Structure formats: structure tokens, C-alpha cells
Amino acid sequence: MCGIVAYLGEKCAQPILIEGLKRLEYRGYDSAGVALLDGGAIRIKKTSGRINALEAILDEPRTEDTLGLGHTRWATHGEPNEINAHPHPDYTGKIAIVHNGIIENYGTLKTWLQNEGVKFLSDTDTEVIANLIGYFYATGDGSEESKQCDGQTKFEWAVQRALRELHGTYGLGILCADFPNILIGAKKGSPLILGVGDGEYILASDAAAIVEHTTQAVYLADNEMVTISPGGFHTKTIDNVPITKELSEIEFSLEQIELGGFEHHMLKEIFEQPKALTTCMGGRIDAQNGRIKLGGIDSYLRELTRTKHLILTACGTAWHAGLVGEFLFEQLARIPTETEYASEFRYRNPIIEDGTVVVCISQSGETADTLAAVEQAKERGATVLGIVNVVGSSIARATDAGVYLHAGPEIGVASTKAFTAQVAVLTMLAVELGRRRHISSNEATGHIKELAQIPDKISRILEQSDHIKQIAAANAGQENWLFLGRGFNYPVALEGALKLKEISYIHAEGLPAAEMKHGPIALIVDAMPTVFIATAGPQYNKIMGNIAEVRARGGKTIIIATEGDENIKQHADHLITVPDAPEILQPMLTVLPLQLLAYHAAMLRGHDVDKPRNLAKSVTVE
Ligand code: M6R
């Protein structure tokens, strides 16, 4: 949650900060602010609302302001008002910071500082960091070390001294009015990247705010800080141990994060799925020879093939993809598999025996609960693999090995192309493990050939977007929807309900279809829409029974069926078709109409699809 961006260079900082904040706005959008350092004073402008609200209160940019901080917030501590917005100054006015993360011991530290006479203005945990740095900078801590340091060294020392007191997570950008040419960044648990340009530096929560300026970047690790000046930068730990960091290439382009003619990132990303899956599977599937190669986990394949217990863990949409994975690993590879919510897994006492493999799935690679699940699994001795989209993200780095989605940047808060790419990676892995453990080479080859056709089949579904919009229009006024599916399409029903909820604010529940009669059937009233995924497969006749049960009670049916299914027409108030595919591959197709249905319903209800209320793209707090 929250996006931070900071600039130090030769250009006017303010427009660069604002542009960067716009690119990070998907990380949080309830308040925003900037701090600029000029002539020995820090000027802060902040407001509740979005970046355009901030722009409205800014002064004209001044070319001499070449150092500054920016922040877009997703509130954790304190309501999203102007006072709680970042940047936060310290009580002396010398320090200003922007923060992404949560400080768990902020209450204790606040009380201690208040007892020392420090006055607080906001309700945030962040102000504690600002005041702690300011306090140590102003008064030292009585130690010989603090007495001996001076000037810039004292600023760095005060930052390190304060950070060592913090429990929790932070990505920080820090300014001190005494040093108009110094910017400090520090990281623990929240992402922070330093873009290194030609005579300029951009410190940001993610690469989206950097690529316009440079593709060269340094990824900070936990407990590391960077001090940046016009002459260069140096990195060290918060315990003052110098470290050398390699420059990495940012792997995506500006074009990939722009709207490119689409009205919303979500719609663009829905339509990008044929390409995203082609890239995701490119070089990995060899349909000719019936082979799959997942380079990132090559050296773990033997262990995976022998495992007796696989745990998949993730949150939200990624968890739904994991559930599809569970069914795939059971069916194709006969591996006992469980899919766990990372938020539950991290606090349980999971059984991790010798040979247990844990696979963490995350688009952003920054989700706090999933990251904590990685740590928990590692502590208990499991091999931990990642299925992650964002290259170089915390989860990608914390896992033993992994497979990148290569789906391209996903900006829309509602996850779409990441889901299909996650399922594609899980399918490839399940087919490969299946071939090594349970199914014949012929069967594996058949699956791989079918897999290769998925991107084209997705393109055919996308052609129905206008038809799906009409279905959305006929039902968008209904406040309760059900999504029902069986077998491999049960996780898709969960995903369809989540999509509708998060962007259209319609209450929706996803269920295995047969569960409806154990309670939720009581909800069915006249005209209430129930979305059925009733594609060809072993459970087709069963789901037809569930459709009849809904219609008998006056409910409306929106049915996702296989192309050419004439029989189903008479049972559908609204029909959407998908190309035929084996049941195990259907989730990558049947989810498409549900993504479009949610998108169009949200648009018809007048919502901001890319920035739904109360949400943010990456949940980097618990
Ligand atoms: O970045 P991650 O895949 O770890 O994110 C997990 C969830 O927060 C995410 O899928 C969330 O549920 C989406 N907003 C759903 O569209």
C-alpha cells in the first residue's frame, strides 16, 4: 500500500514527482503530498483525495527545486485527511519523510517521544519515524558515537539509530533541511527501488515511476539504506556496514504501463491476455515434442517430482489460481496438495515434513501475508518456490527459486491477466510433474497441444465484449449475485464473484454449485442473477440440475457454456459461449466472460474501475 517517489537530479523535481505519483496511484489513492527542499527549508503540500486534487493546490514548479519527495496514500493509521497525508515533517521542521509500511511499535515509541517533550500533529505511525529521526538528529543518544558524528554523517547516523528502534515494515524517502543535496532511502519489508539515471536518481516503490527516466536500477534489500547525492550513491545496512549493489535492468517499457487507447488499465489487461499467455508460455512449452521447460525451477524438479506434500499459498485472486493448481496437481500428478490462504498459513502450525514443497503465488511479489508465509515455510525447513509476476520483487527474492509469469505489468487493481498467467504456469508445472509421475507421455503431449491453443481461444471470447456489456446492463441493478461452478470451474466461480464485488460493489458469492442447496438457495428471489459456468465436462448434467433449481425459484440465469451447446439455450436468460477445451484447461477461458461482466457492470454503475474504493493494488500491510 502507498506509493513513494523521490527525486534528486538537475531537473525541476515537482513535475517528476507528480508524474511518478500518477504512475504509482494504483498503490493507494486516498491522499497525496509532496515535499520540496529549497534554500534550507522544507516546503510540504498535501491534501486528501487523489493526485489531481494535489495538483490543484501546488504552486508553480520552480526550476531550482531539484530534490523532493512524493507520496500517494492508502490509509492504515488515521483517516485519510490532510494532516495524516504524507510527507510528514518532524517536530523540529528539519526532517521530512514519506513511508510505505506499518510500524507495529509506534504506540510505545510515541509515548516515549511525548515524554521527551515531542509534540505530534497526526494520528499516523509514520510521524513517529519522522520524530524519532528528528530527535536523534537534534539531541543524539548520549553515546560516544553520536557525539563524534557531525554534518551528513550525523544525518545518516540519526536515520540508522531511529530505524533500529522500529518493529514493522518500511520503505522510506527522507530529507533533511540542512542537506539540500542529500536524499536517503531505506527499506524493510516494503519495496524500494533506486533508479539510476544520467545525473539523476529516482527512488520509488516500484519501477513504474522510474522507467520513464531510466531502466537502470538498484533493488534495495531489507535493512538496507542508500544515501544519494549529486555525485553518486552509497549503500549500507542500517547497522552501518557498507554493501555493494549491482545495477539491474528494469524489464518493462513505458508503453506497457500506459493505457494505449483503452479507457482503463483493467480493460487493457483483459484484452492483453492472449499476448500475456503467449509470452508466459513462450519458450516453455514444446508442443511438438510434448515437453515443458520451466528454467527457473529446473534444479528443483527432481524434488518436486518426489514430493509427497505440496502446499500452495496466496491471497485473493492468486489464491483462486492456487485452487485451480491444487486440482491440477491432484489430477495430473497425483500429488497431495492443499491451497492455503497465506494470512492463515502464517499463523497456523502447518505440518511441514521432510520433502514438503511450498509454492507461493503472487502477482506483485509484495503481498505482506504471502511474504510472511514464505518466511514461515522457510523457517520450518520447506523448499519454497515462487510464482510471481514482478521481477525482483520481495517474494521473488525470498523464495529458493521460482517461475516468473512474464505477463507484463498489471496496473488495474482488479487482477485479470495475472490470474490466467498464474493458472498457465501451474498447468505447465502440473503437466510436467504429471508426465514424470502419473500420466503417459501421449497424454502430456495432448495437454500441451491444447495449452498452445488457449491464447487464440481467449481472443475469440474477447470478441463478445459488447454482448457481455448488454448482459451486464440488464443485471447491473441487482444487488446480490451468485456465481456457481463445479470441478475446475469452482475456483473460477469464486474469482467471478470477487471481480464483481471489488469493482462494481455488488454483493456476490461464489460457490461450488452443489453447495447452493445447503443454504445459499434461500437467497434466490425473483430476477436475482446467478452466473453458472456450465461448460462441457464430467459434471455438465449435475450443473444442469442446479440451473433448474434456480429457475424454479424465479432467479435469472447467466450461463457460460461451450460453443455449439444448443440444449443449454432454453435454460439461459443470458448465454455467453467459450470455445471447447478439456476441463482442466477451462479456467483460462471461463474466467474471461466473468472479468468482462464485472468490468461492464462497474462501468454501468459509474465506478472508477482501476481505483475501486478502499482498495489498493498491493496489500503490503497485514
Ligand atoms: O499481488 P498478489 O497477487 O499477491 O495480490 C493478491 C491479492 O491482493 C489480489 O489478487 C487481490 O485479491 C486483487 N485485487 C483481486 O483482483
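Colleague: What is the volume of the largest pocket?

Modeller: This is a predicted model, in which local features need pLDDT of at least 70 and side-chain atom pairs count only at pLDDT 80 or more, while totals for chains, interfaces and linings use all residues. Residues are numbered from 1 along each chain as its sequence is written, and side-chain values use heavy atoms, with hydrogens and water left out.

The largest pocket has a volume of about 780 Å³. A pocket is an open set of points on a 1 Å grid with protein on both sides within 12 Å along at least five of seven lines; a cavity is a set where a 1.4 Å probe fits but cannot get out; lining residues have an atom within 4 Å of a point. The volume is the space filled by probe spheres set on the points.

The largest pocket is lined by 43 residues, and Phe252, Asn389, Gly408, Pro409 and Glu410 are the closest to its centre. Two elements give two or more residues to this lining, α8 (273-281) and α13 (394-398); helices are DSSP runs (H or I) of at least four residues and strands (E) of at least two. The largest share, three residues, comes from α8. Sorted by class, the lining of the largest pocket has 16 nonpolar, 14 polar and 13 charged residues, with Asp, Glu, Lys and Arg as charged and Gly among the polar. Domain 1 (3-250) and domain 2 (258-452) both contribute residues to this lining, so the largest pocket lies between them. The domain bounds come from an automatic or database assignment.

A polar side-chain atom of serine 364 lies 2.7 Å from a ligand oxygen. For lysine 499, an N or O atom in the side chain is 3.0 Å from an oxygen atom of the ligand. Threonine 317 has a backbone N or O atom 3.1 Å from an oxygen atom of the ligand. On its own the ligand has 410 Å² of accessible area (Shrake-Rupley, 1.4 Å probe), and the protein covers 91% of that area.

The structure holds four cavities of 30 Å³ or more. The largest cavity contains about 100 Å³ of space, and of its 13 lining residues, Arg486, Asn489, Ile533, Thr535 and Gln539 are the closest to its centre. The lining of the largest cavity has six nonpolar, five polar and two charged residues.

In the second largest cavity there is about 70 Å³ of space. Its lining has 14 residues, with Cys2, Thr76, His86, Gly101 and Thr126 closest to the centre; β4 (67-73) and β6 (95-100) are the elements that give two or more residues. Here the lining has three nonpolar, nine polar and two charged residues.

His86 also has a backbone feature to check: a cis peptide bond, with omega about 0°, joins histidine 86 and proline 87. Proline 87 lies in the loop between β4 and β5 (88-89).

Notes. Polar contact = N/O pair within 3.5 Å; in protein donor to acceptor, adjacent residues only side chain to side chain.
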